[in-house]
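Welcome, and thanks for opening the viewer. Let's take a short walk through the pockets, one selection at a time.

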Amino acid sequence: MKKVYLELLRVIAIFLVLFNHTRTLGYSLYANTDNPFSYWGSLTLSILCKVAVPVFFMVSGGVLLGRQESLRELFRKRVLRFLIIILLFTFLQYCRIVRVHPENGFQVGTWLLYCYCGNIIEPYWFLKSYLSMLLILPFLRILAAGMKERDYLYLFGIGLFTTAVSFGRIYTGYVLNLTFPFHADIIFYPLTGYFLANKIQDSRLRFLQDKRITGALFAGVLALTVLPAGFYFKANGTYTEDFHTVLVWLLASLLFLFVKEIKVGNGLAQKIILAMGSCAFGVYLIEDVVRNQLQDMVPFLSSYMNPFLACILFVAASTLTAMLVIYFVKKLPYIKKLL
């Protein structure tokens, strides 16, 4: 049975994915505005939206790492499904390219090359990363089953260390040449999601199950990222994304815990969240099409309101429109199991 808070996390994450793809309309608006609200609002959300992909991996870790299945089941139920998704949606995206540039025609070799490289549109890099996670899932399950509380705490300690190193690199320009393989996204975030979803209640971190504490920590960590970035940019007159991922692992973890403790008591509200969450992955696959069709909303709305708020409404409209499309598409035979 699906857990409401995991589906709510998917809904939040897909909204943040769409904002991440708004470019100058919202994501990098802070670099092109003198309006304080637009500057701080855009900067805050451009940093926060980096938690989207980590949250998706954490949700998958929370759901999948505790399951038992053979390699045969893994490849038949998960890997094969994902390969079909890559082939199908890369095909559809390639058809869009051919429609706009018909002079080269449809080349099967080109389509398969796009499938192999995963670069037909920028967001599809995630499909290859997720496929990589599925391929190492048996090893992640062994790790999740064998790791003790101290092992997870050590993993988080490495996260804190790498965060300090990242801040040092930003302010000094010097890089500490150390590599932590366990901090790779497809390893760290699924393991973290499994721990936060299933093990934290029996650990020394169980006090984080109080959403007041987690909410306060989340706000504090976000401020610790946004404020130095904002003042650094103002002082230097340059804009980089160096600050955007420094504390992303901690923000994603705290967001996960905060949403986990939100109680959705109303049956209708739960059904809506479950329905929206089940559409999140499908939205990821088609959001660029929907977003491109609706992006004229932003200049239109900006003549009546703050440009940053106009972008938020545009992202919300794009998310809901894409969810409605996926909701009805999933009614088709075989598509529901695929998406």
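A quick definition before we start: a pocket here is an open set of grid points with protein on both sides within 12 Å along at least five of seven lines, and its volume is the space filled by probe spheres set on those points. Keep in mind that the model is predicted.

**First stop: the largest pocket**

Select K2, R10, R81, K337 and L339, the residues that lie nearest the centre of the largest pocket, which is lined by 34 residues. Its volume is about 1200 Å³.

Now colour the helices around this pocket. Two or more lining residues come from each of α1 (4-20), α3 (52-64), α4 (71-100), α6 (125-135), α12 (267-294) and α15 (335-338). Which element gives the largest share of the lining? Show α12, which supplies seven residues.

**Second stop: the second largest pocket**

Move on to the second largest pocket, with a volume of about 970 Å³. To centre your view, pick K50, D185, E241, T245 and V248, the closest to its centre among 40 lining residues.

For the surroundings, display α1, α3, α8 (149-172), α9 (185-198), α11 (248-260) and α12, each of which gives two or more residues to this lining.

Notes
Residues are numbered from 1 along each chain as its sequence is written. This is a predicted model: local features need pLDDT of at least 70, side-chain atom pairs count only at pLDDT 80 or more; totals for chains, interfaces and linings use all residues. Side-chain values use heavy atoms; hydrogens and water are left out. On a 1 Å grid over the protein atoms alone, a cavity is a set of points where a 1.4 Å probe fits but cannot get out, and a pocket is an open set with protein on both sides within 12 Å along at least five of seven lines; lining residues have an atom within 4 Å of a point. Helices (H or I, at least four residues) and strands (E, at least two) are DSSP runs, numbered from the N terminus.
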